[in-house]
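Please look over the structure below.

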Amino acid sequence: MNAYMAYKVSTQTTLAMFRNKTFTVRRRFSDFLGLYEKLSEKHGPNGFIVPPPPEKSILGMTKVKVGKDDSSAADFVERRRGALERYLQRVVNHPSLLQDPDVREFLEREELPRAVSTQALSGAGFLKMINKATDAVSKMTIKMNESDVWFEEKLQEVESADQHFRKLHTLVESLVIHRKELSLNTASFAKSAAMLGSAEDNTALSRALSQLAEVEDKMEQLHQDQAANDTFSFAELIADFIRLLGAVRGSFDQRMKAWQRWQDAQAMLQKKRETEAKLLWANKPDKLQLAKEEIAEWEAKVTQYERDFERVSATVRKEVIRFELIKYWEAFLPEAKAIA
Amino acid sequence: MHYGMCCLCVLQPRAVNVDLQTDATLQVDISDALSERDKVKFTVHTKSTLPNFKQNEFSVVRQHEEFIWLHDSFVENEDYAGYIIPPAPPRPDFDASREKLQKLGEGEGSMTKEEFTKMKQELEAEYLAIFKKTVAMHEVFLCRVAAHPVLRKDLNFHVFLEYNQDLSVRGKNKKEKLEDFFKNVVKSADGVLVAGVKDVDDFFEHEKTFLLEYHNRVKDASAKSDKMIRSHKSAADDINRIASSLYTLGTPAMFKFEFEFTSSVVESGLLRFCFIALQKIEARVAADEDLKLADLLKYYLRESQAAKDLLYRRSRALVDYENANKALDKARAKNRDVLQAETSQQLCCHKFEKISESAKQELIDFKTRRVAAFRKNLVELAELELKHAKGNLQLLQSCLGVLKGNT
């Protein structure tokens, strides 16, 4: 059986670069992952915050494929649809990414070639990738001498936000479990109350107890199940944001890598100069020529990498600023405080 | 950091959950209570016009063990075999709450000041609620005794109320606890035997069947309601922690950069806040409602057990009476020790009839009390539910208003 779920992607646009004003295509989940892979390869190293792809879920997808006919399968598809939509919105809202021909192709082209090797790009795999990059950074030979304290502050904020959200996510997941438990326990209590009502020999009280049991049963169960679902969606939004924070960290890491490359090139250049000095002293003219060529090569590299580093830094800075939308939260804050 | 609670609570005369007549001849209440590290000290306050007491109004300080002593003295008194002995109040149990406060103190470093203060407030409120409940349970016990036409005259009861020194009733030691355990085993085995005896009297036969089934169902309902409450509490705890976490999130320092959400999703952010706030209210409220129901069930679990105990004592007396009859017949047949057998038979007969008479009245009273208590509590429960549903509705409507205002 090779069935798969296709999602309808509809675009409405006034941009000149598209062929039509409105158009629709069908895309599979792996197509979205393929898009992410292309974008991440091309733009990640330049310091862009590439929006993370949605979670892969074997359990959820299997339920759908097997044709499980209850609300859980329908819920799963709906949740995934929402996540995919959020993902695309982030991509097209990014002014630089929107210019990428792969994005245009994704939105416009009728038939997209199958994306291969997207195995590694499940949600967990994505985070693993980011973590590996972070590890590589921490193993850096020379500790980055942060000349620009702005980057240090921002990274700090990202990391503290990440911690906070992970904690929140754990709490919300725990709440989902407890609400489900509560739903079960309420149902069993309602049954027990009904039994008590039938044992009661005072007829009026018996009737009252039976009614109580009924009300408890219907109302509470519905209510708790609904609340469990809402809470679950909330948990997903948080998980989504944690992944986004991961992408932000990723861009900082790319900047560090660029810096490291520059430093390594400088170190190499130094070594080449030392070699030249040694050769001069030992008086070996032919090897000297080679050494001079290598020095020139490395000088160019150093300049190149320095420029790269500056460019990546500037990109990261712009990206992070684009992220900050204080104005929404300032309007929101008094309400939030009042409620909490 | 140690969080022992040493609070002084002043309590007004409370509306007890059992419908009782109070009259001027003897009024008892717990006017004050002090919670110390291991124990709770209750101030028992009495107002009486009875001549037995030296004054008309007086107070003494009592601890839980002294209440248990009083209860046990009733149970062991043969003269009271024909009455439903008001169930003993449960031991004050602050262990769980104290443990939570302790854990909070240990974890103080790992959370923000606001989170900590909020959690501390929640836990203190919980502690206070448990405290109030234990005081109420002890008070109900005393009031039931004071309301009972025979028990209120008991000498031990008067000593309990008036003697202003320590009664020196220590808790049971290991040997005594073991004795109690065996007594209970014997009693339950005996109870099974005795229960098998079919009663001639229809009233008592019906009562026996009814009480047995009722008691079991109340036990089941009580257990299930406890489970339900525990889940509700866990959920409420989670919600509180989430709410305080979100609160921290709302501060500019934490949240300078953001979900690059479009405004529609910021609205969903507001919705999330409303939802959390709603849950917070609803969780606390639901917990209160649950407790009301759970307390009621627990109390009637104990009362129905006391009623069962009464029936057991009566059946026991019946069996003794029948055995005495048989012994008398045998003595008459052998014409030996007839007088002794006759007196013994008369005693058993008298005892059985006395118990039967008072038991009948007690069981009828029990029924009336039970129906009244359930009615009162169920009405209050329904009113609470309505009030909170209205509150929830208001909150949702105001959230809607803010959302509509923002777009």
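What follows is a short report on chain B.

This is a predicted model, in which local features need pLDDT of at least 70, side-chain atom pairs count only at pLDDT 80 or more, and totals for chains, interfaces and linings use all residues. Residues are numbered from 1 along each chain as written, chains are lettered from A and ligands numbered from 1 in written order, and side-chain values use heavy atoms, without hydrogens and water.

**Confidence.** pLDDT is the predictor's per-residue confidence, from 0 to 100. Chain B averages 79, and 79% of its residues score at least 70. The complex gets an ipTM of 0.76 and a pTM of 0.73.

| Stretch of chain B | pLDDT | Contacts beyond four places in sequence |
|---|---|---|
| residues 1-21 | under 50 | 48 contacts |
| residues 251-267 | under 50 | 44 contacts |

**Helix pair.** Helices (H or I, at least four residues) and strands (E, at least two) are DSSP runs, numbered from the N terminus. In chain B, the axes of helix 1 (residues 64-76) and helix 3 (residues 113-147) come within 11 Å and cross at roughly 35°. Axes are lines fitted to C-alpha atoms, for helices over the stretch in contact, with angles from 0 to 180 degrees between N-to-C directions. Helix 1 of chain B contributes H64(B), F67(B), L70(B), H71(B) and F74(B) to the contact, and helix 3 of chain B contributes H138(B), F141(B), L142(B) and V145(B).

**Strand pair.** Strand 3 (residues 40-48) and strand 4 of chain B run antiparallel, joined by 6 bridges. Strands pair if DSSP finds at least two bridges between them. T43(B) has V61(B) of strand 4 of chain B as its bridge partner.

Definitions and conventions. Contact = heavy atoms within 4.5 Å.
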